[in-house]
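Here is a short briefing on a ligand and the pocket around it. Have the sequence and the structure open as you read.

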Amino acid sequence: MSNQIKRIAVFTSGGDAPGMNAALRAVVRASIFYNIEVFGIYRGYEGMIDGDFEQLDVRSVANILQRGGTVLKSARSDEFRTKEGRLKAYENLKKHNIDGLIAIGGDGSFTGLHKLYEEYKIPGICVPGTIDNDIAGTDYTIGYDTATNTAVEAIDKIRDTALSHNRLFFIEVMGRDSGYIAINSGIAGGAVAIIIPEQETSIDELVEKINRGADKRKTSSLVVVAEGGKSGSAMEIAEKVNEKSSYFETKVTILGHLQRGGSPTYFDRVLASKMGIAAVEFLNDGKTDSMVGIVNNKMVCNKFDDIMNQPHAIDEESLRIAKILSI
Ligand code: ATP
């Protein structure tokens, strides 16, 4: 370890995700382990612009490992998207003698870090914290496992009602551009169909599948829909299906923000702990403009240009499994 960095600042940015606190704890403790001073910045890039910095120690991150959300708060900052905003942020970093940054957030947060590196040469590493699992260069992002478990728990509960009343439920889960939560909560929850942004869905085929199930004395069905798909929202798809099939009474449930909160699963806590430590080690080793990832259970360091604008494709195997199970 070359010990190049003297003072790190860490912040959480974009949508909150369960496990961000565990990542923060790991960053703080790894920094102190390597004799690096560590500051927390509140409210992401907003706080960087406003100078909302606080020095952290080992005790500052006690008892946060198991908590959802982020104790550093998060924000989306339009001002940081401007050159003037980034100059203000840079001046605050300089004032606090920060020579390394760790952002815990999604691809937008990583882009912000990249801009700071391009314009002011501040070394930065991103830790992927977002429930959508929509970033290339890592098999998993922090928060995705917890959010998917939350979705599965909700689907199981909805199934009780679907079965009791012979209903067809459309359950909308998060994932604006990515069907990861949908595909895996759909497989785990036994959905008859899973609608994801990565695939075109034919309403006629969907209706045929639902009707086929009803003909075989299936008394209820669940369809999992990722928000933001090309075929429309769960509500719109349900309306289209209703026009063409009258087997079931149709209901729609939008899980929404309850998927973001909650105590992180063991998987997300361990992932966040490993990624937080890796981020400090990569930074201290002279790496920059990069994001930590986990690939085949190994920590990797991805350069911005290698992974940005690349899709994190859903694996063909998951699609195949979902198809076989929903006959
Ligand atoms: P999530 O996946 O949960 O939405 P995210 O990190 O992608 O997380 P964004 O809102 O896209 O969330 O980005 C977080 C913040 O990063 C933005 O509010 C903005 O301040 C900064 N940011 C994003 N894109 C850019 C950009 N192109 N230039 C400068 N800053 C940016």
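The lining of the largest pocket has eleven nonpolar, 18 polar and 14 charged residues. This is a predicted model. The ligand sits in this pocket.

**The pocket**

- The volume of the largest pocket is about 870 Å³.
- Its lining counts 43 residues. Nearest the centre lie Arg76, Gly106, Asp107, Gly108 and Ser109.
- Helix 2 (44–50) and helix 4 each supply at least two lining residues.
- Helix 4 gives the most to the lining, with six residues.

**The shell around the ligand**

- The ligand is surrounded by 18 residues. Arg76, Ser77, Gly106, Gly108 and Ser109 are the closest.
- By class, the shell holds two nonpolar, ten polar and six charged residues.
- Helix 4 (residues 107–120) provides the largest share of the shell, six residues.

**Polar contacts and cover**

- At Ser77, a polar backbone atom is 2.7 Å from an oxygen atom of the ligand.
- Asp107 places a polar side-chain atom 3.0 Å from a ligand oxygen atom.
- Thr130 has an N or O atom in its side chain 3.1 Å from an oxygen atom of the ligand.
- On its own, the ligand has 620 Å² of accessible area, and the protein covers 88% of that.

Key:
Residues numbered from 1 in each chain as written. Predicted model: local features only at pLDDT ≥ 70, side-chain atom pairs only at ≥ 80, totals over all residues. Heavy atoms only, no water. Near = heavy atom within 4 Å. Polar contact = N/O pair within 3.5 Å; in protein donor to acceptor, adjacent residues only side chain to side chain. Areas by Shrake-Rupley, 256 points an atom, 1.4 Å probe, with all protein chains shown as cover. 1 Å grid on protein atoms, 1.4 Å probe; cavity = no way out; pocket = protein on both sides within 12 Å on 5 of 7 lines; lining within 4 Å. Sits in = over half its atoms within 2 Å of the grid points. Helix = DSSP H or I, 4+ residues; strand = E, 2+ residues; numbered from the N terminus. Nonpolar A, V, L, I, M, F, W, Y, C, P; charged D, E, K, R; others polar. Points joined across faces, edges and corners; volume = space filled by probe spheres on them.
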